[in-house]
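Welcome! Please take a look at the structure below, and then we can walk through it together.

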Amino acid sequence: PEPPQPPPRGAGTGRPPSPVSGRTNCDATPLSPDEEDSFYFGGEGYSDLRTLQDAGRRQSAPDQMPDLSGPAGCSDIQVMPKKFGIADFFTRSLFSRKSKESKVPSHNATGWRLFGRAAAREVDSAPSPSARQPLSSSCSNITGPQDEEEQVMGRDADLPSCPAVALTGGGRRRNLEFEPLSTTALILEDRPANLPAKSVEETLRHKMEYEEMVAGAKRREVKEAQRKKRQMKERHRREESISSAMVVWNAEILPHWDVMKGTRRVRELWWQGLPPSVRGRVWSLAIGNELNITAELYEIFLSRAKEKWRSYSETSSVNDSESEAASVADRESSLDLIKLDISRTFPSLFIFQKGGPYHDLLHSVLGAYTCYRPDIGYVQGMSFIAAVLILNLEEAEAFITFANLLNKPCQMAFFRVDHELMLKYFGAFEIFFQENLPQLFSHFQSNSLTPDLYLIDWIFTLYSKSLPLDVACRVWDVFCRDGEESLFRTALGILRLFEEVLLQMDFIHIAQFLSRLPDDLQSHTLFAAMANTQMVSRNRRWVQVFSAFMKNGSKETEKSVSPASRS
């Protein structure tokens with residue numbers, strides 16, 4: 001006997017059964033054994049097959065097919081036996097399908113709002129009118145594609161909408177009426193229904209605040225546009241000035257350097273800044289070559305440096321005698337310290353670090369100098385000076401200029417760490433410091449801030465470490481024109497430029513500020529401060545004041561009341 005037939009789906013619920021298979025039309029006719037080219041399973045095999053079908057999900061057509069030929073369309077159901085063919089057997093799914101269950105709304109679902117979570121909606125229950133509350137603050141600044149489908153599927157169909165957006169089937173929103181410019185437009189929205197409504201006065205105040213915010217943003221945009229326009233105009237003016245000056249330098253000044261270098265016109269062009277294309281050549285001519293170094297001599301010292309480094313790498317593990325210990329100490333000063341300083345030279349440019357295009361070149365220049373002047377060796381700060389020269393000159397010419405520059409009296413006193421001579425430089429500087437900036441000078445004295453705390457770093461690197469590179473190159477221009485006096489004039493210009501800021505600081509903050517000056521420092525502002533600095537004290541210029549210190553430093557110390565010279 002056949003097993004009892006299961007009731008058709010939907011029986012007892014007042015709804016017609018809903019077939020699940022692809023053959024769901026009301027006029028579908030099951031396969032019969034009379035059809036040609038078809039197979040019919042009956043008898044015991046048919047019972048076993050029906051048992052197998054009951055164990056599965058009954059994915060194919062049900063056992064009883066309704067006759068849907070009534071006037072109401074499938075309302076009068078007539079059950080007929082189902083006959084199966086082999087096509088149904090192979091197309092039948094043996095795995096059950098999971099029933100659709102209502103999903104728990106997540107935090108990303110539309111049931112979550114800005115001011116809290118809305119009440120969860122059941123799928124089968126119809127939404128009540130009170131559940132359709134308009135959104136307020138959560139509707140601002142949301143845009144969606146305009147070509148999304150308008151039909152809302154599933155539980156999103158009865159979600160509330162806001163004046164600006166509507167939900168699509170994927171939970172996305174569409175722009176309907178307006179799009180707020182930013183989140184500041186939230187102030188114009190009404191509060192959610194679960195919060196007290198705004199009063200008329202509060203609404204007007206919020207509207208005024210929003211208008212003020214928009215007006216302020218427009219003013220800032222206009223101000224920024226004007227600033228960029230001024231910068232662009234200044235940049236064009238500077239480029240035109242550089243291009244015209246480059247023609248003058250190449251055509252008139254450089255061919256007749258010895259005659260033209262001391263004229264008033266050349267000195268004025270020099271103060272305005274050298275064109276980058278001629279800067280290296282002018283520096284080389286201004287510094288000179290008193291040491292008579294040639295390119296061949298540079299190659300000799302470079303080969304010695306390479307051989308020395310090679311021997312260091314081979315004998316680095318040997319330390320048997322005092323001579324070997326001295327060799328290790330020399331290696332630390334000429335090799336290890338150079339490598340360490342090169343990695344810290346202009347790190348923002350990434351061109352002198354290992355793997356950069358100028359790493360080996362800078363290493364060669366510094367190594368050759370340590371062999372050329374073993375009495376001085378390598379001193380921290382030399383890498384910045386050599387790097388600036390390498391950026392403007394060829395390798396051999398950079399070494400020649402580097403060696404002659406460090407041979408100047410001021411640089412020699414600092415790099416050889418001649419304390420007595422350094423104190424005389426500090427004493428002469430404080431005389432002009434007191435003449436030009438008496439209030440700041442007294443503030444420094446009250447905080448026991450001596451010039452050696454900031455001048456040593458500035459002079460060791462010629463300001464290339466503390467100032468932006470373009471500003472430092474302008475300082476180098478004037479240094480090649482005026483000599484060591486310009487270094488101390490630049491220091492006074494920096495102190496004058498930041499006088500108001502420094503007067504509000506204590507010892508620690510002043511030292512930190514002067515060791516790393518602001519990156520946005522502009523050359524024209526610094527040179528304007530330097531132009532207002534008078535390098536004259538009691539009708540004596542820098543050379544005369546420093547010469548007096550060299551002849552009788554103790555008396556000048558008492559007159560200038562210099563804490564640095566006293567120490």
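## Before we start

This is a predicted model, in which local features need pLDDT of at least 70 and side-chain atom pairs count only at pLDDT 80 or more, while totals for chains, interfaces and linings use all residues. Residues are numbered from 1 along each chain as its sequence is written, and side-chain values use heavy atoms, with hydrogens and water left out.

## The protein as a whole

The protein has 23 helices and six strands. These are DSSP runs, numbered from the N terminus: helices are H or I with at least four residues, strands are E with at least two. Of its 567 residues, 40% count as buried. Buried means under 20% relative accessible area, exposed over 50%, and partly exposed in between, with a 1.4 Å probe and protein chains only.

Let's visit helix α5, which spans residues 264-272. Its residues Val266, Leu269 and Trp270 are buried. They cover an arc of only 105° around the axis, so they sit on the same side of α5; the arc is that of the directions from the helix axis to the C-beta atoms. In general, an α-helix has 3.6 residues a turn, so residues three or four places apart point the same way.

On the other side of α5, you will find Arg264 and Gln272 exposed. The cover over the buried residues of α5 includes α3 (200-253), α4 (257-260), α6 (276-287) and α16 (469-482). After α5 comes Gly273, with a positive phi near 110°.

## Salt bridges to look for

The structure holds 15 salt bridges. One of them joins the side chains of Arg265 and Glu252, at 2.8 Å from N to O. This pair connects helix α5 with helix α3, across 13 residues of the chain. Arg265 is partly exposed at 43% relative accessible area, and Glu252 is partly exposed at 33%.

Another pairs Arg279 with Asp477, whose closest N and O atoms are 2.9 Å apart. Arg279 lies in helix α6 and Asp477 in helix α16, 198 residues apart. Arg279 is buried at 10% relative accessible area, and Asp477 is buried at 0%.

Conventions: Contact = heavy atoms within 4.5 Å. Salt bridge = Lys/Arg side-chain N within 4 Å of Asp/Glu carboxyl O.
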